[in-house]
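Dear colleague,

I am handing over the structure we spoke about, and it is shown just below. My notes on what was found in it follow, and I would be glad if you read them alongside the coordinates.

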Amino acid sequence: MAAAQVIRSEWTKIRSVASTVWTLSLAVVVTIALGMLISALSRNEFDKLSARDRADFDPTFISFAGMSLGQLAMIVFGVLVVSNEYSTGMIRSSLAAVPQRGTFLFSKIAVAAGLALVVGMATSFATFFLGQAMLGGHRAHIGDEGVLRAVIGGGLYMTLIAMFSMGVAAMLRSPMLSLGILMPFFFLISNILGNVDATKKVGQFLPDQAGSKIMQVVTPFDDDTPYGPWGGLGIMALWVLAALAGGYALLKKRDA
Amino acid sequence: MIELEGLTKRYGEKLAVNNLTFAVRPGIVTGFLGPNGAGKSTTMRMILGLDRPTAGDVRIDGKHYDRLRDPLTYIGALLEAKAWHPGRSAYNHLLCLAQSNGIPRRRVDEVLETVGLSAVARKKTKGFSMGMGQRLGIAAALLGDPRILMFDEPVNGLDPEGIHWIRTLMKSLAAQGRTVFVSSHLMSEMALTADHLVVIGQGRLLADTSMADFIARNSRSYVRVRSPEREKLLDVLHRAGVTVVEAGGGVLEAGGGEAERIGELAAENRIVLHELSPQQASLEEAFMRLTAESVEYHAHAEAPPAPQRQWGEGWKKGS
């Protein structure tokens, strides 16, 4: 079984269903639109900020504000790519055609992650430039220190969040169950855990909390996060690896 | 060639497939017969490597399924449940399967033509009728031009024309020297298509025999007798050496050639008969009797079975 054959097959699969197009378009549109809106609002608010808040003002990070919502579409994309196989019964055709389950799963994830990377990167650059345009005089420049890293990091973040979802969906199989856990977790629970003082120590190691550090250019004044931007992304990558390993282990031993 | 050896699948307490050993040979249609829930689909899923056997082994041309390079070119299968994404077109469904096994793209058009779905190939399968879905499943099975074909309840949901088409297709595939393994819960369906029969009940093997043999042994004739003077009639027949068995409901059954003698004996002894009718046991009945025995056997769980000899023996005793 040549992996190249399976990758081609997975590409045909992913491009031939509507959910790919609408989830990814939604991710692009929501991230960019919300980023632009918040950037525009921030410009108007800037004059009212205290001196300390002005020192913490991070135009790059502000332009990525839409990602909190746009990542949910990425999660839906990641979940559906994998769980559609189960909810439709396609998995039986797929595994009969490719009985090497590792080859099957990782070819699928490689194709979906590759697509997410292209879309995520384009979204990240677009949302940065459009967001900066909205910020007017308070804007950051791509050549400023740490900015390019943050913008590329934004694309990687979107890719990793999709991959994490794929791993979770491979474990849980059901799209409803996977979304029912991932959506509230990343939209609410993780934010609460990461911002409430009592749980912050643990919360900051959650995949999205750690991973989004890469998009920060200005470190807040009272920041005591024990990892840097790449360290945070590394923590997120470990979560992704764990989810994928779990998905693979279960796929390997389960009946289809 | 598909070879099963001691194939067993246990779900918790329940043995879905129990120590199946048989081989499916090329050049003929082998029917895989059993009542609903007998373990046919589970067996087929294990053949395809989708379900893991609890014990035992199954090989395709001597190899385990996951050792086959481009398995769709060895064995094509139509499974009972739908196995495609409803939002994907029939063409793209077949294309992604073809690509994963290095099968050329033109083969997709060929099989769509064969099953008669060319006109709707670019439409989403969501709107397909059950019959169209069945044809798509068959197209997927034929895709790799495999030497072995496996169909799980292929006539389900097909109209009479579709049923005729699939019967003809299976026979022609076997005539080309391919191995054709087809499951059904209907004896009548098997009688029309299969050359060889593998019968299972409650997950265990009940028969592995040629169709001709099965018919010869099971389509025996017998005579149904009913009389208001049953005891008297039994005495008379017993004295004359005619073997009869009670079939329940006051019905007596005797061997096929005995109708005239019973009539004459009844007349001589002035016994009223309400019925004296020669009968032909249908294959369906033979099958029911065979599988009913398996249920009984299962309940008592005695010595290991000798399936090939065990079936049909009840018939010989009765006739």
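**Confidence, fold and contacts**

Within chain B, the confidence of the predictor is highest in helix α2 (residues 90-100) of chain B, with a mean pLDDT of 97, and lowest in helix α12 (residues 313-318) of chain B, where the mean is 40. Please keep in mind throughout that this is a predicted model. Over chain B the mean pLDDT is 87, and 91% of its residues reach 70 or more. Where pLDDT is low, the predicted coordinates should not be read in detail. For the complex, the predictor gives an ipTM of 0.92 and a pTM of 0.85.

Turning to the make-up of chain B, there are 12 helices and 13 strands, and the C-alpha atoms fill a box of roughly 80 × 40 × 35 Å when taken along the principal axes. Of the 319 residues in chain B, 43% are buried. If one considers the contacts in chain B between residues at least 6 apart in sequence, 73% of them join residues at least 24 apart.

The contact between the two chains takes 30 residues from chain B and 24 residues from chain A. On the side of chain A that touches chain B, α1 (3-15), α5 (67-88) and α6 (90-97) of chain A each supply at least two residues. By class, that side of chain A has 11 nonpolar, 9 polar and 4 charged residues.

Helix α5(A) also packs within its own chain, against helix α9 (residues 175-195) of chain A: the two axes come within 9 Å and cross at roughly 165°. Because angles over 145 degrees count as roughly antiparallel, α5(A) is roughly antiparallel to α9(A). The crossing of α5(A) and α9(A) is right-handed. On α5(A), the contact is made by Q71(A), L72(A), I75(A), V76(A), V79(A), L80(A), S83(A) and S87(A), while α9(A) contributes P175(A), S178(A), L179(A), L182(A), M183(A), F186(A) and F187(A). By class, this contact of α5(A) with α9(A) has 11 nonpolar and 4 polar residues, with no charged residues.

With best regards

Key: Residues are numbered from 1 along each chain as its sequence is written. Chains are lettered from A and ligands numbered from 1 in the order in which they are written. This is a predicted model: local features need pLDDT of at least 70, side-chain atom pairs count only at pLDDT 80 or more; totals for chains, interfaces and linings use all residues. Helices (H or I, at least four residues) and strands (E, at least two) are DSSP runs, numbered from the N terminus. A residue is buried if 20 or more other C-beta atoms lie within 10 Å of its own, exposed if 12 or fewer, and partly exposed in between; C-beta atoms are placed from the backbone. Two residues are in contact if their C-beta atoms, placed from the backbone, lie within 7 Å. Ala, Val, Leu, Ile, Met, Phe, Trp, Tyr, Cys and Pro count as nonpolar, Asp, Glu, Lys and Arg as charged, and the others, Gly among them, as polar. Axes are lines fitted to C-alpha atoms, for helices over the stretch in contact, and angles run from 0 to 180 degrees between N-to-C directions. Angles under 35 degrees count as roughly parallel, over 145 as roughly antiparallel, 65 to 115 as roughly perpendicular and the rest as oblique. A crossing is left-handed if the near helix is turned anticlockwise from the far one by less than a right angle, and right-handed if clockwise. pLDDT is the predictor's confidence in each residue, from 0 to 100.
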